[in-house]
Protein chains: 2
Amino acid sequence: MRATIIHGAGDVRVETVPDPKILEPTDAVVRVVSACICGSDLWPYQSMPASEQGARIGHEFLGVIEDTGSGVEGFKPGDLVVAPFVWSDGTCDFCLQGLQTSCRHGGMWARDGVDGGQGEAVRVPQAAGTLVKLPVGEDSALLASLLSLSDVFPTGYHCARTAGVNPRTTVTVIGDGAVGLSAVLSAKRLGAERIILMGRHTDRTDLGVEFGATEVVTERGAEGVERVRELTGGDGTHTVLECVGLIEAIETAFGVVGDGGTVSRVGAPQYDQVPMDFGVFMRNVTLTGGVAPARAYIPELLPDVLEGRIKPGKVFDQTVALDDVAAGYEAMADRTALKVLVRP
Amino acid sequence: MRATIIHGAGDVRVETVPDPKILEPTDAVVRVVSACICGSDLWPYQSMPASEQGARIGHEFLGVIEDTGSGVEGFKPGDLVVAPFVWSDGTCDFCLQGLQTSCRHGGMWARDGVDGGQGEAVRVPQAAGTLVKLPVGEDSALLASLLSLSDVFPTGYHCARTAGVNPRTTVTVIGDGAVGLSAVLSAKRLGAERIILMGRHTDRTDLGVEFGATEVVTERGAEGVERVRELTGGDGTHTVLECVGLIEAIETAFGVVGDGGTVSRVGAPQYDQVPMDFGVFMRNVTLTGGVAPARAYIPELLPDVLEGRIKPGKVFDQTVALDDVAAGYEAMADRTALKVLVRP
């Protein structure tokens, strides 16, 4: 089959790789119907050292089951399924408490002999714990929103949930990328009445307003902090959803969060240290968040998507064929695309 | 009157200062019955540059009201009261939500013309919001435990509460100082069944065991982390109560906290940056805590103290007269005393 291989910064290729097959009784093989490129895929796309061998890439996909191992109950060939961006057994104590990203028998796509999502098919380990069946056909008009359940939307939702967003909390969302916009939609879903979106790409913040943002702040850094403070009578907001992953975004987050408030971070950290000094201590600010256990949220979010109450798939603004995946990476890196859907 | 003045590292003196009097209608004047020395007082005691003028010090006290301003309702001369370590109006939005440390009209003792607690008397700003009446006499046998409500016990309690300690959480407490031991007592009060205390002063950890610690780990640093991991089947604990304030303690905290767990810090930070890197992100670890709004917790904790169910005052193991306060500082700095009570 064909699959995406990254050979280094700016060097993404589609190559022929072995067809996936069942290796363990808990495996399934899924033919990919749609996949996508994640903002986090851009980190290696911008910095990976050149490699002749290269590495598989992609961790968001939706597809049709082609085969299942003898131990996979509840799924059969022909089922349409979505895969969260971490695979997990669904039975260990971490999975049972909704922290599937720490599953005792789980792991990441595109590593250690497991396929990546940006290819024609994927061997899915721990299939019964990992996959979620979708009660629609592969020609459904909802497919983009259903694909968003694999990562980007639950990541925004994890941010809002761990921050404690509710109808009584004001919210600042930092970042107008696909995760930031998903965080806006999530905060709105959780009842927030005031959502300040910090971003400066009008086409993106326009979608943010459609998703529920009540104000847009285009300034960045100290000016951005000052503007949010002005808008909130000097107080900042109860919760801040950090959806970038750069230290500047974390600094902005601590600048705009109110006393006793919470910063939640879901942007994959491109930093090692966080400035939680005496001043932050005196203000009782909490830092939470982390990698989203998407699998935990899919059952909760799926009905809203199926019934059309939310349309998180609107973050996809470009579709490429698998053979053109390199153009998709380029478009996202250049910011000419917000988020790219890939069709094998 | 006489009051404690710190003139620099290792230089604490008792000097004559102006008698406090009512300056604002919201003031009260309190004659101090007992005060104490805080672990955080040791930071300036160890590092303050020499100063001829010096500065007032002390922020924990209990005493008898001598006079009240015309706007102070609910208190009268002769009332025994305890003061939390931050004064606050009790009416602003932050106070009403239990974050009196961020009160819009509040402040710290021993600053900006406000007396410190380590003296014969104190002018109490925002007295009606700040003080809590105690239904005992000044000769009560409970006085030490009641004094502990001004800071050390609510600080440990804030740590346990913000960490989310409950009967289903395992707990590690880092630090066997008076705050750490108060955190043990607090975790026990909140129902924790397993409390691992990290500390290496046997007399202190013995009191920790009396307060509810189920295991004591004497190793520090990487060895200490390894030991706690061993004790917990490799998993660490759900909550970690960091009661030291040094970066090494924070590093230990991240080492012993389990995936999806919470570190709460109440040790006044002697650091600016916290290592919350990609690994911490992938484990979904939260960092919370901060300066304790003691005023919020006193009404909740007071009945347990009055009825003898908890004895947080056991952290006091030495009493000095006000004139001997310098010896009290020396004893705490030398660790020959755990916590020193001061009687004017």
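In chain A, strand β6(A) and strand β10 (residues 132-133) pair in the antiparallel sense over two bridges, where strands are DSSP runs (E, at least two residues) numbered from the N terminus and two strands pair if DSSP finds at least two bridges between them. This is a predicted model, in which local features need pLDDT of at least 70 and side-chain atom pairs count only at pLDDT 80 or more, while totals for chains, interfaces and linings use all residues. Residues are numbered from 1 along each chain as its sequence is written, and chains are lettered from A in the order in which they are written.

Strand β6(A) is also joined by four bridges to strand β5 (residues 61-68) of chain A, and these two run antiparallel. The table lists one facing residue for each partner strand.

| Residue in β6(A) | Residue opposite |
|---|---|
| Leu80(A) | Val64(A) |

Turning to the two chains, the contact takes 25 residues from chain A and 24 residues from chain B, two residues being in contact if their C-beta atoms, placed from the backbone, lie within 7 Å. Because 100% of the interface residues of chain B are also interface residues in chain A, the copies meet through the same surface.
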